[in-house]
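Here is a short tour of a protein model, written for someone new to reading structures. Keep the picture open beside the text as you go.

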Amino acid sequence: MEYVILAVVIAVVAVGAIAGLVVNGRRRKTLPPKSATPVITAPPTPREPQVGDEAAPPTEVPAQTIEEVELPPLVAEEPEAPAATPVVEAPALEVPEPTAGRLVRLRSRLSRSQNSLGKGLLTLLSRERLDEDTWEEIEETLLVADVGVTPTQELVERLRTRVKVLGTRTPEELRGLLHEELVALIGTDADRTLKTAKHEDGRPAVVLVVGVNGVGKTTTSGKLGRVLVADGRKVVLGAADTFRAAAADQLQTWGERVGAQTVRGPEGGDPASVAFDAVKEGIAEGADTVLIDTAGRLHTKTGLMDELGKVKRVVEKHGPVDEVLLVLDATTGQNGLVQARVFAEVVDITGIVLTKLDGTAKGGIVVAVQRELGVPVKLIGLGEGADDLAPFDPAAFVDALIGE
């Protein structure tokens, strides 16, 4: 009996202990505060179907009739106004100065640059005693001015004779004497006109401009175009200098200033082809003159000189070339004569253009180059201005040399 009572007590104690543990466990559980933000759990991402999964049953979407579909209200769209085309105003054409009297207007500039020649000669001739030393100084002055040996000897001999025979001593008389002898030395009987008028059959006159690099040949071509426009000629320019990148652009700019059309080709292209096209365009446009700027060629390069001859032959398929103008730098002196000789062997030079006569005392090159080639100087360049190219007049030139 005792054992039964003991077992019952043990069972009751065990049940109480177990109940106490359960209650204590419930009390230790921490509950979230009522004011805490509830945690929202994102719905699980649906698993993408894999190979072997069965296709889901299609979802039935109720179809709508055309009457049930709501259409947006019709709004009349205004047509877009066409974009305004920008108006590009053509540059105003320049009006070149007329060629008549152009050298006279530029005489003061030329006289300032040539004083060492003309003034020097007058000073020497005005000495009280003209001995051998004085005449040697006169001869040296002429040689330094690039008059040339033979022309210098001729001029000195004539001056000595006239001063001795006429007894000329006053400044006015000496100036008149020197003026007469210099004009005679340069020559007044040569034909210095430019053949730029249209032919009777309607074909334009063709002018080739040739010369070595650096003498201002393209610039001279542009200025000559202005001279022709000033004289009422319709001009077409041919940019046959295809070896210098800026030559065609430079010539075209000169043409645009006075309304002259420019024919050009690809850089590095055939110069003869450009020259041919320029003459062809001149014929089609009814131009009076086609002015062709050729490449500046070194006179020591035989192949390039031969190509210049090719340009002339190709142009002559349209008809004869009327003018071949050789551009020379007056400051190069006797080297310019060497260039002139070589060019004259390749093409028939008809006239000389002397540039850079401003700021130099080497005006005597006018005499030397004419004697060397038997070709007259037709144009001279006296500065960087657009209208500083003038027809050559021996009397006005000598006036500028010796001053008033």
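## Strands and the sheet

Two strands count as paired if DSSP finds at least two bridges between them. Helices (H or I, at least four residues) and strands (E, at least two) are DSSP runs, numbered from the N terminus. Before going further, note that this is a predicted model: local features need pLDDT of at least 70, side-chain atom pairs count only at pLDDT 80 or more, and totals for chains, interfaces and linings use all residues. Residues are numbered from 1 along each chain as its sequence is written, and side-chain values use heavy atoms, with hydrogens and water left out.

Now the sheet: it is open, has 8 strands, and runs E3-E2-E4-E1-E5-E6-E7-E8 with mixed pairing. Strand E3 (261-264) and strand E8 (389-391) sit at the edges with a single partner strand each, so one side of each has no neighbour in the sheet. From one strand to the next, the twist averages 25°; axes here are lines fitted to C-alpha atoms, for helices over the stretch in contact, and angles run from 0 to 180 degrees between N-to-C directions.

## Around strand E6

Strand E6 (residues 351-355) pairs with strand E7 (residues 377-381) in the parallel sense, over 3 bridges. Across that pairing, Ile-352 stands opposite Val-377 in E7. Helix H13 (residues 365-373) lies across strand E5 (323-329), E6 and E7, and runs at about 155° to E6.

Contact means heavy atoms within 4.5 Å. Leaving aside neighbours within four places in sequence, Leu-354 has contacts that include Leu-328, Ile-365, Val-377 and Leu-379.

## The nonpolar core

A nonpolar core is a set of buried Ala, Val, Leu, Ile, Met, Phe, Trp, Tyr and Cys residues joined through side-chain atoms within 4.5 Å. Buried means under 20% relative accessible area, exposed over 50%, and partly exposed in between (1.4 Å probe, protein chains only).

The largest core has 89 residues, and those with the most contacts inside it are Leu-224, Ile-292, Ile-349, Ile-352 and Leu-354. Helix H7 (residues 171-186) gives the most to this core, with 7 residues.

## A lysine tucked away

Is Lys-312 buried or exposed? Lys-312, which lies in helix H11 (residues 302-315), is buried, with a relative accessible area of 13%. Beyond its neighbours within four places in sequence, Lys-312 is in contact with Leu-208, Val-321, Val-324, Val-347 and Asp-348.
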